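Here are a few notes to go with the model. Have a look at it first, then read on.

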Amino acid sequence: MKILIIEDEKELLESIAHFLSERGYVCESAGSYHTALEKVISYEYDIVLLDITLPGGNGLGILKELKLGNPNTGVLIISAKNSLEDKVAGLDLGADDYITKPFHLAELNARVKALLRRRFFEGSQTIVFEEIEIDPTNNIVQVQGQPVELTKKEYDLLLYFLTNKNRVLTKAAIAEHLWGDYMDLADNFDLVYSHIKNLRKKIMQHGGKDYIKTIYGMGYKFMNA
Amino acid sequence: MKLLEKNNRIFIRFMALLLLLGSILFYVSVNWIARSEIDEKLEVNQKRTINLIDEGQLPPQFAPIVEVKISPKKSATTEGFSDVQIFDPEEGEEEPFRQLVAEVEIKGAIYRITNRSPLLESEDLILAIGNCTAALVLLLFVWMYSRSSQKLWEPFHQQLQAIKGFSVSQNEPLTLASSEITEFEELKTALHELTEKGRSDFQNLKEFTENASHEMQTPLAIIQTKLEDTLQSSDLTEEQARHLAVANDAVLRLTRLNRSLLLLSKISNHQFIGEELVSISRLLKTQVNQLADFIKEKKLTLRMDLPEDVLVKAHPTLVETLLFNLLVNAVRHNVEGGTIDVTLTNQSLNISNTGHSLDLPSDQLFERFKKGAASQESLGLGLAIVKKICEVNKWEIEHSYQNGVHRFAVSFQ
């Protein structure tokens, strides 16, 4: 999978590129409007991460150009502006998703994964981790071949963990993924803990192992013990 | 006292004095001119009388205008001009006369010739002048009050009215009426510059807040990303991990604060354009669903009385934000096992929740960064945003606290 990251902030660009490369993506980067435009016209990418505010021009211009040449490329807009107009304009021009700065890299990863599933596998591909299997099209989870009844939040949580396995996920990042803006209410993250506890219990009841490791004071990590 | 009244008083006092002096001067000069004219005339008449006698005609007799007496010898009485009072039997009163007396020797006889001319009665003259002056003062008074107050000060009053209604946050410049009076034109220019300065400063300040919030997003994103990268490292000591976690929480808090400030300044800047009919009932249902986890966690009882499709005309994002903030508030400041009541009608929305009493008065509740000492996690911006949204939509919001229940009432009219 080839990803083009268009972002003018060098440090942020490096972090994103490093993170996604580690996940096995081939990453290219562009730091300005013109380099981005050149790359978009000359090469083909599966996914483009697009910052709207760029030196030299508006990222929406790149989006237009991109959609003319390669309409199949998935586009995820990254914006510092939490503005509805940009969001609406971006989605109207054919962007697939929208994420506002600052964001958790794990969240970015989850969005990229979801985008890839939607665009290229049409959701037919199941996600497998050891004895756990998720069918994202039908929202079905199986452990040891046995279907597991999960609540919507537990399902989201498991998918998020599997997408970001072997990575420390802070409680805040998990809360934001599960509840979006409502995470404001998850003051002490007790709720995150209780959802994780329930998920863990359900998986283990069906003969699964406990892969959710608690990283004291920070969060959780989904990993093969 | 009005400036106009003060000005008129001074002016009228001065004018009255001036007119009084003027009248005296007028009286004196009229009197003097009349007398010298009379004296001239009397001299001419005297010459004519002498000539007549000289020609041998009968000396004219027309008392009291001309009297000629033949004296045997020169009398001791003085010759020349003098003023006399002579009784007029016709009018029955004494009348003032000017007389010229001369004793002339013609052909051996001594004639005592007296020429007289009636004088103006001074009281008549004083009365006439006095009346004229009084009439003038009255006229002046009426003119000043009617014309000058109405016409002259009109632009001033218009300007005053315009400034009274001025606010630095208004979108249009102040409109002031033009005037042909230099001072008022200068005042207009000065006011225009002043208000425009105020408006543009205010605008800059608002834009500054917005730009500052925008510019903060990217560095925050970098900090957050780098912190999370560092968290991935496996050889962190426990203390380092704890520091990182604290820093991470602080960044999150800053992010939320920044987003709220940005939202607040965007609402103030009227950047949410495009009203549409929004169903509050539908939005409330969606939001309450999102809150389900938190309501369950706090063991809250939620009671809702929602009629189908209560519609309001507003920007959807703003309505969503309003409901979000009020509902989140009702959950956050609730007590374990408490209640939330949501009642919606076509006119109003009431959200009540059990909770502790506040240590700040109701009216301060909606101010920025005002929050109860107990709520550490709250940013203190939620209700300021709610208030702002109500303001731009011209809705009323009220808070009350009674018997352990907080009640927020929004009325849509």
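In which sense do β6(A) and strand β7 (residues 97-100) of chain A pair, and over how many bridges?

1. They pair in the parallel sense, over four bridges; strands count as paired if DSSP finds at least two bridges between them. In β7(A), A:Ile99 is the bridge partner of A:Ile78. Helices (H or I, at least four residues) and strands (E, at least two) are DSSP runs, numbered from the N terminus.

2. A word on what you're looking at: this is a predicted model, where local features need pLDDT of at least 70, side-chain atom pairs count only at pLDDT 80 or more, and totals for chains, interfaces and linings use all residues. Residues are numbered from 1 along each chain as its sequence is written, with chains lettered from A and ligands numbered from 1 in the order in which they are written.

3. Back to β6(A): strand β3 (residues 47-51) of chain A pairs with β6(A) too, in the parallel sense over five bridges. There, A:Gly74 in β6(A) is the bridge partner of A:Ile47.

4. Strand β6 (residues 74-79) of chain A has five of its six residues buried, so it is largely enclosed by the rest of the structure. Buried means 20 or more other C-beta atoms within 10 Å of the residue's own, with C-beta atoms placed from the backbone.

5. Now the chain contact: chain A puts in 28 residues and chain B 35 residues, counting residues whose C-beta atoms, placed from the backbone, lie within 7 Å. On the side of chain A that touches chain B, α1(A) gives the most, with three residues.

Conventions:
Contact = placed C-beta atoms within 7 Å. Buried ≥ 20, exposed ≤ 12 C-beta atoms within 10 Å, placed from the backbone.
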